Amino acid sequence: MQYILFTAAGLKLAIPASRVKAVHEQLNIQDVAGTVSWFLGLGVANGRILPVTDFGAFAGRTSCSGRVLELAPEVAIAALQVDEVPGFSDAQPVDVPASEKPVDMQGENLYLMGKSLSSKVGEHLMFDIDALVQSSAFNNIKGRIS
């Protein structure tokens, strides 16, 4: 299996390449009033409307300002703005012992799988994209009224 490697808000993460439809260099995104701050808005990719989330801000970290990962349609009609996409890896993920899990990489919106893979560009933690898109935190974009 091939994995796409990406960085977001200081995290090095990986997901199965089959879960990503496209990587966009730039995407014009229109704000949507009344939504949470981490929801960037709607973009248009290949003639289709695409909701875009700032992955770093969603995870409670710094905002991302790089490429946009458009998820495969069977995963969700959604996209994540990340910082960089350094490449792909064919390496197989291995379990990360609990004693080696960095404290700063824990959080309810990170959906880490407890596995990592090594590549030429470093160690990347496996990210559970399916758990993310199924979570109520990700799907509830309605902002608070001030």
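Is valine 44 buried or exposed? At 55% relative accessibility, valine 44 counts as exposed. Exposed means over 50% relative accessible area, buried means under 20%, and partly exposed lies in between, with a 1.4 Å probe and protein chains only.

A word on the model. This is a predicted model, where local features need pLDDT of at least 70, side-chain atom pairs count only at pLDDT 80 or more, and totals for chains, interfaces and linings use all residues. Residues are numbered from 1 along each chain as its sequence is written, and side-chain values use heavy atoms, leaving out hydrogens and water.

Back to valine 44. It sits in strand S5, residues 39-45. Strands are DSSP runs of E with at least two residues, helices are runs of H or I with at least four, and both are numbered from the N terminus.

Now the sheets. S5 belongs to an open sheet of six strands, ordered S3-S7-S8-S6-S5-S4, with mixed pairing. Its edges are S3 (20-24) and S4 (29-30), each pairing on one side only. Two strands pair if DSSP finds at least two bridges between them. S6 (48-54) and S8 (79-81) are parallel, over three bridges. There, valine 52 stands opposite alanine 79.

Glutamine 81 is also in S8. It is buried, at 12% relative accessible area. Its contacts, heavy atoms within 4.5 Å, include Ile29, Leu40, Val52 and Phe55, not counting residues up to four places away in sequence.

There is another open sheet of six strands: S9-S1-S2-S12-S11-S10, again mixed. S9 (84-89) and S10 (94-95) are the edges, and each pairs on one side only. S1 and S2 are antiparallel, over six bridges. Alanine 8 stands opposite leucine 11 in S2. Two residues lie between the strands of this hairpin, and alanine 9 takes a positive phi near 50°. On to S2 and S12: they are parallel, over two bridges. Alanine 14 has methionine 126 in S12 as its bridge partner. Five of the six residues of S2 are buried, so S2 is largely enclosed by the rest of the structure.

What about the inside? In soluble globular proteins, nonpolar side chains tend to be buried together. A nonpolar core is a set of buried Ala, Val, Leu, Ile, Met, Phe, Trp, Tyr and Cys residues joined through side-chain atoms within 4.5 Å. The largest here has 32 residues, and Phe6, Phe55, Val82, Phe127 and Ile129 touch the most other members. Among the elements supplying at least two residues each are S1, S2, S12 and helix H2 (129-134). A second, separate core of six residues includes Leu50, Val52, Val68 and Ala79.
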